[in-house]
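Student: I would like to learn how to read a model of this kind, feature by feature. Could you give me the general idea each time and then the case at hand?

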Amino acid sequence: MSSSSPLTRLAERLRQPFHRDGRPTRLHPSSVWAEATSTAALALTPSWGKVRGLWLRYVWPVLSVVSVLGWSVLAASVLLWTAGQAFGWQEAKAAAIAAFVLFLIAIGFILGRSSYGVILDLARTRVAVGDSAVGSIAVSNTSARPLLPAALELPVGNATAVFHLPRMKPAQVHEDLFTIPTARRAVIVVGPVRSVRADPLHLLRRQVLWTEPEDLFVHPKTVALAGSAAGFIRDLEGMPTTDLSSADVSFHALRDYVPGDDRRHIHWKTTARTNKLMVRQFEETRRALLAISLSINTDEYASEQEFEMAISAAASIGRQAIREQRELDVLTQKGPLRCETGRNMLDDMTRITGAPMRRTAVDLARTLADTVPNASVVFFVVGSNVTPAQLRSAAASVPLGVRSLAVRLQIGAAPGRANIADLTVLTLGDLADLAIVLRKAAA
């Protein structure tokens, strides 16, 4: 054993006293216990790993077959037999034997091996709320002998669908179609498909997995904004900057020609009048960068329906910006969303979960101003519980020159527009009115 091993270190520490402030002291029992514990952990870790691997590979698959009712029957059998032996109760012994026989009979129902080829096919893995989500299960008999009728289970979220298979000949294929409800935004885990063998009393239950689980994204409902987005999303010239360029869209002034300038930008009328070459000079522009601040603080919303409509409104605006190839940033209290593509954005919108939190829409607006300093248009998507004073504070964090709009959700309210200083407040009572309120903002 090397001198650096834990056991050697422990032996040396036991032979020599501790020194504290240069004075020898007695060995403290807690130090001995800590060293002994660490040594035992190092020695037992490899063995524990092997034992755990054997347990998971051989023992746990057998024990997991027994249901709660099955363990109860076994325990009752042992207790009844023990009581019968101790007190001479023949009835208790008979009941124990009957319970044990039931358990043995249940074993016969789960023995055997099935040979299936199972294909789980979801027609679309991404749908919107209210759309049809259709899938199919194709089961084939891959063995050389007929298979008895059986049942397949398909977990769908928190529910489980059961498909009954008929007696199948070799190479026979049985297909079932199913529809998944999409009444609300969610990420639904579909699968894995599993075959189940169980006795009539469900003392034992043996299942075999045949497929991998798949995720079904039920995206928030969105509305098309084509045409209504003009005025704040569609920005042909961008926002001018103080940087000058020799080629851009926003004309700034004329200057003398310098060798190397593009001759296409020579202003011939001025050249003829001044008798020297003059070229156009431009202000550099930038493309519109749209930033959306989506509050997921449920305390700021009057109902869950209002919160879901806020997510749908933000998703509709963001989707339109991506379609028009605008730069987009979406931020919530839990961080930014992916906005490289419309699919990524909607996937992250689907994963959003609201909760009461200390950070408000005002705090989120300040974070947005720091995170996206180059934004040209900013949207604050908030609930009806956000006050005008809070909206004014949120707008104050937006840099000068940035157009800011607030979409305030209030179920059943008429579409409206109001101004709080430089902030345009749009009231939205129905998602279908989003195009209308955006036209009001562009007016």
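Tutor: Let us begin with a span of chain: the end C-alpha atoms of residues 94-112 lie 30 Å apart, and the span is 89% helix and 0% strand. Please keep in mind throughout that this is a predicted model.

Student: Which residues does UniProt place under the feature "transmembrane region"?

Tutor: The unreviewed UniProt entry places that feature at residues 58-82 and 94-112, and such annotations may be inferred rather than shown by experiment. In the model, residues 58-82 are 84% helix and 0% strand, with 30 Å between the end C-alpha atoms.

Student: What does the chain come to in helices and strands, and how much of the chain counts as buried?

Tutor: The secondary structure comes to 10 helices and 22 strands. Of the 443 residues, 40% count as buried, and the accessible surface of the chain is about 25,400 Å², with 58% of that area belonging to carbon and sulfur atoms. As for contacts with a separation of 6 or more, residues 24 or more positions apart account for 66% of them.

Student: Where is R351 found, and which residues does R351 touch?

Tutor: R351 is found in α7, which comprises residues 342-351. Because its relative accessibility is 45%, R351 counts as partly exposed. Leaving aside residues up to four places away in sequence, R351 touches R185, V187, F217 and R338. For one of these, R185, the C-alpha atom is separated from that of R351 by 8.6 Å, although the two residues are 166 residues apart along the chain.

Student: How far apart in space are I105 and L203?

Tutor: I105 and L203 are 9.9 Å apart, C-alpha to C-alpha, and 98 residues apart in sequence. I105 has its place in helix α4, residues 90-110, and it counts as partly exposed because its relative accessibility is 48%.

Student: What should I look for in the backbone angles, and which peptide bond is cis?

Tutor: In general, most residues other than glycine have a negative phi, and most peptide bonds are trans. Here a cis peptide bond, with omega of about 0°, joins G191 and P192, and P192 is found in the loop between β9 and β10 (194-198). For phi, consider A171, which is not a glycine and yet has a positive value of about 70°; A171 has its place in the loop between β7 (159-165) and β8 (173-180), and its 61% relative accessibility is why it counts as exposed. H202, also not a glycine, has a positive phi of about 60° and lies in the loop between β10 and β11 (205-209); with a relative accessible area of 48%, H202 is partly exposed.

Student: How many aromatic pairs are there, and are Y301 and F307 buried or exposed?

Tutor: The general idea is to compare ring centres, which must lie within 6.5 Å, and then the angle between the planes, where over 60 degrees counts as edge-to-face. The count comes to four aromatic pairs. Among them, Y301 and F307 form a pair with 5.3 Å centre to centre and 80° between the planes, which is edge-to-face, and both residues are buried.

Student: Which residue has its charged end over the ring of W81?

Tutor: That residue is K93, whose charged end sits over the ring of W81, 5.6 Å from the ring centre.

Methods: Residues numbered from 1 in each chain as written. Predicted model: local features only at pLDDT ≥ 70, side-chain atom pairs only at ≥ 80, totals over all residues. Heavy atoms only, no water. Phe/Tyr/Trp six-rings, centres within 6.5 Å; stacked < 30°, edge-to-face > 60°. Buried < 20%, exposed > 50% of the residue type's maximum accessible area, 1.4 Å probe, protein only. Lys NZ or Arg CZ within 6 Å of the ring centre and 35° of its normal. Helix = DSSP H or I, 4+ residues; strand = E, 2+ residues; numbered from the N terminus. Contact = heavy atoms within 4.5 Å. Areas by Shrake-Rupley, 256 points an atom, 1.4 Å probe, with all protein chains shown as cover.
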